[in-house]
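Student: I would like to go through the rings and the pocket of this model. Please hold each label against its cut-off.

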Amino acid sequence: MRLVAVAWLLAQFAGLACAELQENIRSTYYSAEHRAGTTLLATLNHHSPIRQNSQIFHAYTGWNIQWNFRWWEERDGRCRITSNQTRLQVEITLPRLVSSDPAVRRRFDRYLGALRAHEMEHVAIGRRYARRIDEGIRRLPQMTSCAALSRAANTLGEKLLQEAVAAEREMDRQTAHGARQGATLQED
C-alpha cells in the first residue's frame, strides 16, 4: 500500500519543475586615510575608486543574475522545464576609514551605517528579481519545442533584468543615492 502511495505522489509531482536560488554576497573595502584639517567628505572623495559619469560615490553594489534551466522533451517535440538554478552574485564596495580622531570615527560610523543600509536596498532589488526570474522560468508552460521554451525562458530573464536595473535607478533617484536616508556628508 505504501509503495502505491509513493508512486502516486511521484507521478503527481513529475510535471513540476524544481527551482534553486543560490546567493553569494561579498563585501570589499577600500582604505580612506583621514588627515587632520581635512573634512571626512574630502577624504572619502579622494580615496574612493568609484566614479561614474564624472561623479564620485563612496559605495557601490554590483550584482549579476545567471540562470541555468533543464528541460524534458516529449516524443512529439513538446518541451517543459524540469529544473532551474538561478545564481545571484553580489559585490558591495564600502570605505574603511583610517583615523585616530574619535569624533571623525563616530561621524564616519554613522555615515557608514546609512551607506550600508542604502547598499542593502540594492541587494534587495537584485534578490527580488533573481527570485522572480527563478520562479518565472520554473512556471513556464509546456511549449511546442525546446527551442521555443529556451527562447521564452531567456527572454523572460532578460526582461526582468532590465526591470531590475530600472528599479535600482528609480530607488537611487528617490533617495538621492542614499542622501535622503542619511548617507550624506554635505554638511561636513
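Tutor: We take the aromatic rings, then the pocket. This is a predicted model, where local features need pLDDT of at least 70, side-chain atom pairs count only at pLDDT 80 or more, and totals for chains, interfaces and linings use all residues. Residues are numbered from 1 along each chain as its sequence is written, and side-chain values use heavy atoms, with hydrogens and water left out.

Student: Why is the pair of F69 and W71 called tilted?

Tutor: The structure holds 1 aromatic pair. The ring centres of F69 and W71 are 6.2 Å apart and the planes stand at 40°. Rings of Phe, Tyr and Trp (its six-membered ring) pair with centres within 6.5 Å; planes under 30 degrees apart are stacked, over 60 edge-to-face, the rest tilted. So the pair is tilted.

Student: What makes F69 buried and W71 partly exposed?

Tutor: Relative accessible area: buried is under 20%, exposed over 50%, partly exposed in between (1.4 Å probe, protein chains only). F69 has 12%, so F69 is buried. W71 has 37%, so W71 is partly exposed.

Student: How do you know that the charged end of R96 sits over the ring of Y29?

Tutor: That charged end is 4.1 Å from the ring centre. The rule asks for NZ of Lys or CZ of Arg within 6 Å of the centre and within 35 degrees of the ring normal.

Student: Which residues lie nearest the centre of the largest pocket?

Tutor: Q52, F57, A59, D172 and H177, out of 30 lining residues.

Definitions and conventions:
1 Å grid on protein atoms, 1.4 Å probe; cavity = no way out; pocket = protein on both sides within 12 Å on 5 of 7 lines; lining within 4 Å.
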